[in-house]
Amino acid sequence: MQAYAYPLLIRHLLHTPLANAPAQEIIHADVSRYTYRDLATRIGRLASALTGLGLGPGSVVAVMDWDSHRYFECFFAVPMNGATLHTGDVRLSPEQVLYTINHAEDDAILLHADFAPLLAKIIDRITRPVKLVLLQDGPTEPPAGLDLAGEYEALLAAGDPDYAFADFDENTRATLFYTTGTTGDPKGVTYSHRQLVLHTLGVAAGLGPVPGQGGVHRGDVYMPITPLFHVHGWGFPYVATLLGLKQVYPGRYEPAKLLGLIARHGVTFSHCVPTILNMLLSAPEAAETDLSRWKVIIGGSALPEGLAEAALARG
């Protein structure tokens with residue numbers, strides 16, 4: 001008998017939270033609220049649904065969505081099924097979005113209704129057949145000009161909650177995203193399962209031992225304010241999941257809504273660029289929001305001294 005080789009696959013990041021924090025919550029603004037135990041079921045249903053659409057090992061599945069529970073589920077279900085998750089940058093120009101879809105050779109796009117008009121403008125110039133799945137926060141009219149393969153929640157409802165995930169090579173490509181195209185066409189960047197698992201373990205090991213306000217610990221409440229299409233939200237959704245944290249996904253970034261979520265759910269840890277932090281601290285609602293327990297990792301550019309002082313003044 002041989003010991004299990006234990007490849008470094010993204011699905012193994014779920015073992016610890018399901019054992020230690022199965023009842024912990026994952027929240028999408030005012031849209032959805034469920035437990036890690038429910039997350040595992042939904043991941044299975046999603047992988048089953050994608051398989052039913054002919055999407056599996058070797059497929060490329062793009063997502064165009066706000067920061068939602070759906071996007072978070074795709075972080076797991078798509079690569080766990082041997083496919084590649086293409087995190088589509090919805091801030092690119094239509095021409096650049098088209099370029100990334102064609103360059104990535106997407107087989108499917110999971111599309112929020114808000115971005116249907118953008119895709120409708122370029123759908124005729126996508127160079128290969130692509131299946132479209134509608135994402136929505138509530139009932140909406142089917143988008144015009146797009147042939148849909150299904151609606152996300154309806155597909156999950158018909159999926160298998162006990163879907164069996166197979167092992168495969170840990171060096172299999174897991175994700176694909178593109179640069180912002182400031183120096184010509186956007187450039188594709190890929191990560192393997194092994195790379196993402198090692199990054200997750202490294203961040204958790206680096207931030208976990210830091211005491212007090214500087215670290216990330218199991219008692220924290222996590223909310224990303226870096227888009228999930230931007231380098232996997234800097235990898236923190238995977239870290240938060242490994243640690244079994246309560247997670248809050250805000251949807252579209254609106255200052256009043258973000259500050260309200262921080263207050264209602266006791267968010268203690270986020271990450272963002274300086275402009276987003278400035279947007280929140282400058283919002284009228286900030287004066288009425290207790291930010292004394294909120295710690296933020298800043299990246300993307302240097303934190304201006306004046307903004308750092310304003311943040312410190314809020315605790």
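Here is a walk through this structure, from the whole chain down to single residues.

First, a word on what you're looking at: this is a predicted model, where local features need pLDDT of at least 70 and side-chain atom pairs count only at pLDDT 80 or more, while totals for chains, interfaces and linings use all residues. Residues are numbered from 1 along each chain as its sequence is written, and side-chain values use heavy atoms, with hydrogens and water left out.

Let's start with the whole thing. The protein chain has twelve helices and 13 strands; these are DSSP runs numbered from the N terminus, with helices being H or I of at least four residues and strands being E of at least two. Its radius of gyration is 19 Å, close to the 20 Å that the globule rule gives for 315 residues, so the chain is as compact as a globular protein of that length. (That radius is taken over C-alpha atoms, and the rule is 2.2 Å times the number of residues to the power 0.38.) Of the 315 residues, 54% count as buried, meaning under 20% relative accessible area with a 1.4 Å probe, protein chains only.

Now for the inside. Nonpolar side chains tend to be buried together in soluble globular proteins. Here the largest nonpolar core has 75 residues, and Phe76, Ile109 and Leu119 touch the most other members. Such a core is a set of buried Ala, Val, Leu, Ile, Met, Phe, Trp, Tyr and Cys residues joined through side-chain atoms within 4.5 Å. Helix 3 (residues 69–80) gives the largest share of this core, eight residues. Apart from this core lies another, of 21 residues, including Ile27 and Trp294.

Next, take a look at helix 4 (residues 94–104), where Val97, Leu98, Thr100, Ile101 and Ala104 are buried. Why do they sit on the same side of helix 4? They cover an arc of only 165° around the axis, which puts them there; the arc is that of the directions from the helix axis to the C-beta atoms. The buried residues of helix 4 pack against strand 3 (60–64), strand 4 (84–87), strand 5 (108–112), helix 5 (116–122) and strand 8 (173–178). Just after helix 4, Glu105 takes a positive phi of about 60°.

Last stop: His193, in helix 7 (residues 193–207). Is His193 buried or exposed? It's buried, with a relative accessible area of 0%. Not counting residues up to four places away in sequence, His193 touches several residues, among them Leu8, Pro79, Phe168 and Arg173, where contact means heavy atoms within 4.5 Å.

Key: Buried < 20%, exposed > 50% of the residue type's maximum accessible area, 1.4 Å probe, protein only.
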